[in-house]
Each structure stands twice: as C-alpha cells, then as structure tokens.
Amino acid sequence: MRPAADDPASYPVHLDLTGRAVTVVGGGPVAARKVRGLLAVGAVVTVVAPRVCAELAGTAAAGGLHWRPRRYAAGDLDGAWLAVTATGDPATDGAVECDATTLRTFCVRADRAGAGTAATPATVRRDGLVISVGADGVTGRGERADPGRAVAVRDAVLPIAQRAVALAVDTGRVPLRRRRPGVGRIALVGAGPGGDADLITVRGMRELAAADVVAHDRSVPGELLSRLAPAVQRVDAGPVSARHGTSTLDVEALLEHARAGQRVVCLVAGDPSRGMVAAELAAAGRSAGIAVTVVRGVTTAAAVPITAPAVAHRRTGRRVALLRY
Ligand SMILES: C[C@@]1(CC(=O)O)c2cc3[nH]c(cc4nc(cc5[nH]c(cc(n2)[C@H]1CCC(=O)O)[C@@](C)(CC(=O)O)[C@@H]5CCC(=O)O)C(CC(=O)O)=C4CCC(=O)O)c(CCC(=O)O)c3CC(=O)O
Ligand SMILES: NC(=O)C1=CN([C@@H]2O[C@H](COP(=O)(O)OP(=O)(O)OC[C@H]3O[C@@H](n4cnc5c(N)ncnc54)[C@H](O)[C@@H]3O)[C@@H](O)[C@H]2O)C=CC1
C-alpha cells in the first residue's frame, strides 16, 4: 500500500445531511448555490455573513435557513456536520477551515481547491441515481482543480448516461432491478404477436429490465427470455391464455414473490389487457394487497393482416373487423 501522502486521490462519499446542521460562511452567489443544494437534500442550514444576497435573504425571511447577520466567529461551527466557506476573504476562509479541522468537521473551501478537506462535485440526479464528477486530488494537495472541467465532464457524461438507460430499456440487457427489499408488485406484460421479440412495447421492456422473477407463457419469444440477466428467476407457466386463464399459473407463488419484495413479471403473448388472466390476477392481487399492473401488448389479432396481407388489401378486403380479441 502506498503511503497516504503520495496518494493525491480524494475519497468520494455521499453524505446524508437530512435534518443535520450545516454552517455556511458567506452570503454571496456562491454561498447561495451551495445553500440551494444543501436545502434540497434536507440539511438544516445556518448562514453566517454580515450581508447576504437577495436569494438568501428571501430564504431566510421564509424561514428556510437561520441567518446570523455578522462576521464569522469561533463557535459558529459548533454542532455542524459540515462547514462551507465562501467569503472571498482568504483569512476568513482559512480560519473556518482551521476551526473545522480542530472540530473534525469536514470543510468545503470555495476559494482554494487544495486547502479544504472536502469539495462539492458537479452532480446530476436521474431516476434515483446521482452522477457526481469531481477533480481528483482536491483535498490535501494544494493543487488548484478547475471546476469547469468537472462541470464539462458531467455535462458530457449526462447524455451518455441517458443513452445507456435508454439502451437498457430497449434491449433489457442492462438489469435495472433495485435489489433492495421493499414492496413488490406484479406486472402482466403483453409480449405482442407471433414469435417476434421486437414487438413488445417499450414499457414492457422496462418492466422486464426491472424484474426479479419472470413467469412466462410458453409461446413468448425465447429471445426475450434469453436477454434476461442470469439472476432473474424464470418460471415456465405453460400455456397462459384467455382460454386457460391463470389455471396453469401458480398465482400464489407469484404473490409470495411479490410479498417478499420482488418485482414479478408475468409475460404472455399478445395483449392480455382484456382477458381472463388480467382479471384473475387483478382479483388475486387485490385480496393479497399486492399491486398488479397490466402493460398492454400488440394484439395477436394484428398478426392476421400481416401474415395474410390479402385480408387488408384494399381490392380484396375493405375492412378488418376484430369481433373479439
Ligand atoms: C474546489 C471547489 C470547491 C467547492 O466549492 O466545493 C471549487 C473551487 C472553485 N470554483 C471556482 C470558480 C467557479 N466554480 C464554478 C462552479 C462550480 N464549482 C463547483 C465546485 C468546486 N469549485 C469545487 C471543485 C470541484 C471539482 O472540480 O472537483 C461546482 C462543480 C459545484 C458547486 O459549486 O456546487 C460548481 C458547478 C455548478 C454547476 O452545477 O453548474 C463557477 C461557475 C459559476 O459560478 O457559474 C466558477 C466561476 C467561473 C470559472 O472560473 O469557471 C474557483 C475560482 C474562484 C476565483 O477565481 O475566485 C474555485 C477556487 C479554485 O479553483 O481553487
Ligand atoms: N466554488 C465555487 O464554485 C466558486 C468559488 N468562488 C469563490 O467564492 C468566493 C465567494 O464568491 P461570491 O459569493 O461571488 O462572493 P461575494 O463577494 O458576492 O460574497 C461574499 C460573501 O461573504 C460575506 N463575508 C465576507 N467576509 C466575511 C466574514 N469575515 N465572515 C462572514 N461572511 C463574510 C459577505 O458578506 C458576502 O455575503 C469568491 O471570492 C471565490 O473565492 C467563486 C466562484 C465559484
């Protein structure tokens, strides 16, 4: 192991500041930006500054933060889990950082990258995830990190991350499951007509990508199943159809998975939204207190004009009427 002094790397960590005291020294636009971020995650913010900008004055007046309208003094950090200093006065920022270190409180110095004991990265939040980009070596090295780089990389990474999520949804190849206990649920998903794996809806793919357990009708395309992550439990449910209803499905077992916090997908051919299976699963879910959603599929009836085009040709057949599907 290399000695710490040779290692300029910082240790990334996500702080839970909900309900926790944070002292911000300074009341200009930079302090205001930090305060905005801190309040957004539920921190209890005290601002120490003789004068504050309009944004902070407004927040203070609305009771969103405590404002001590004076210069920084020793004792202002008492009880704080984190200190942020953005006064523009190196002597004050230095004193705050020094006092914080004595108290073992981490301190973000907005004036000098290397001098503080913590730094705020450029972040973006999406779908329960947070992407943070920070320069390495911001703590302890005295080197000046250029925050513009972190912002530029974050902005460049964002569309890539969004594409990755879209790809995961489209292909189901990236598991979006949240492997954490919680309330499970059941989704009845229509896989669309025939053996074509691409005729499932985007919502259906999204459900598959998030599934822990997939119970499937024997006629759904194998390709859809082969895309599932190896950890996803598969249950061959035999022929599930309007005719069979849920008789070949072990509904109680599916409810049990959902009760254990798992996300269960019941994948059937065509569009199950109006059939017996949907009604029976919904009823079982209702009495068990488990949410059952139905994701429509392209109806198998749509395959008729595709496989027998003459039916829909304007010379031979004027209209296609679906009497029941
Ligand atoms: C070390 C760090 C300490 C910290 O504050 O945590 C720090 C330090 C400094 N910032 C300076 C300047 C600017 N910083 C920004 C913007 C941001 N700065 C942020 C973080 C950090 N800034 C930390 C390092 C992060 C890393 O790279 O790992 C962001 C990401 C997060 C945030 O602040 O919440 C936020 C993105 C906001 C967004 O989401 O868009 C702008 C743009 C603007 O204000 O509009 C300018 C002015 C324009 C310019 O110069 O580019 C200066 C020079 C000051 C001077 O010259 O006087 C220093 C001092 C120095 O470099 O030593
Ligand atoms: N980290 C970042 O993202 C950035 C950091 N900076 C740094 O942040 C500093 C602050 O930037 P701005 O908010 O634009 O400055 P500003 O000059 O608008 O605000 C400074 C604030 O600090 C207060 N202040 C001054 N002396 C104080 C003291 N002894 N005790 C308590 N409060 C005191 C002032 O009343 C004022 O509210 C800049 O001088 C620069 O060093 C600048 C741009 C971005």
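These legends accompany close-up views of a predicted model.

**View 1. The domain layout of the protein.** Let's start with the whole chain: the domain assignment divides the protein into domain 1 (18-120), domain 2 (121-171) and domain 3 (185-306). Between the C-alpha centres of domain 1 and domain 3 there are 52 Å.

**View 2. An open sheet of five strands.** Read across the sheet, the strand order is β3-β2-β1-β4-β5, with parallel pairing. At the edges you will find β3 (66-68) and β5 (106-109); each has a single partner strand, so one side of each is left without a neighbour in the sheet. On average, and ignoring direction, neighbouring strands are turned by 20° against each other.

**View 3. Strands β1 and β4, with a helix across them.** Here β1 (residues 21-25) and β4 (residues 82-85) run parallel and are joined by four bridges. To pick out one bridge pair, look for Val 24, whose partner in β4 is Val 84. Helix α3 (residues 90-103) lies across β1, β4 and β5, and runs at about 165° to β5.

**View 4. The crossing of helices α7 and α8.** The axes of α7 (residues 251-259) and α8 (residues 276-288) come within 11 Å and cross at roughly 45°, which makes α7 oblique to α8. This crossing is right-handed. On the α7 side, the contact is made by Val 251, Leu 255 and Arg 259, and these meet Leu 281, Ala 284, Gly 285 and Ala 288 of α8. Sorted by class, the contact of α7 with α8 has five nonpolar residues, one polar and one charged.

Terms used. Residues numbered from 1 in each chain as written. Chains lettered and ligands numbered in written order. Predicted model: local features only at pLDDT ≥ 70, side-chain atom pairs only at ≥ 80, totals over all residues. Heavy atoms only, no water. Domains from an automatic or database assignment. Axes fitted to C-alpha atoms, helices over the stretch in contact; angles between N-to-C directions. Helix = DSSP H or I, 4+ residues; strand = E, 2+ residues; numbered from the N terminus. Parallel < 35°, antiparallel > 145°, perpendicular 65-115°, else oblique. Left-handed = near helix turned anticlockwise from the far one by under 90°. Contact = heavy atoms within 4.5 Å. Nonpolar A, V, L, I, M, F, W, Y, C, P; charged D, E, K, R; others polar. Pairing = 2+ DSSP bridges.
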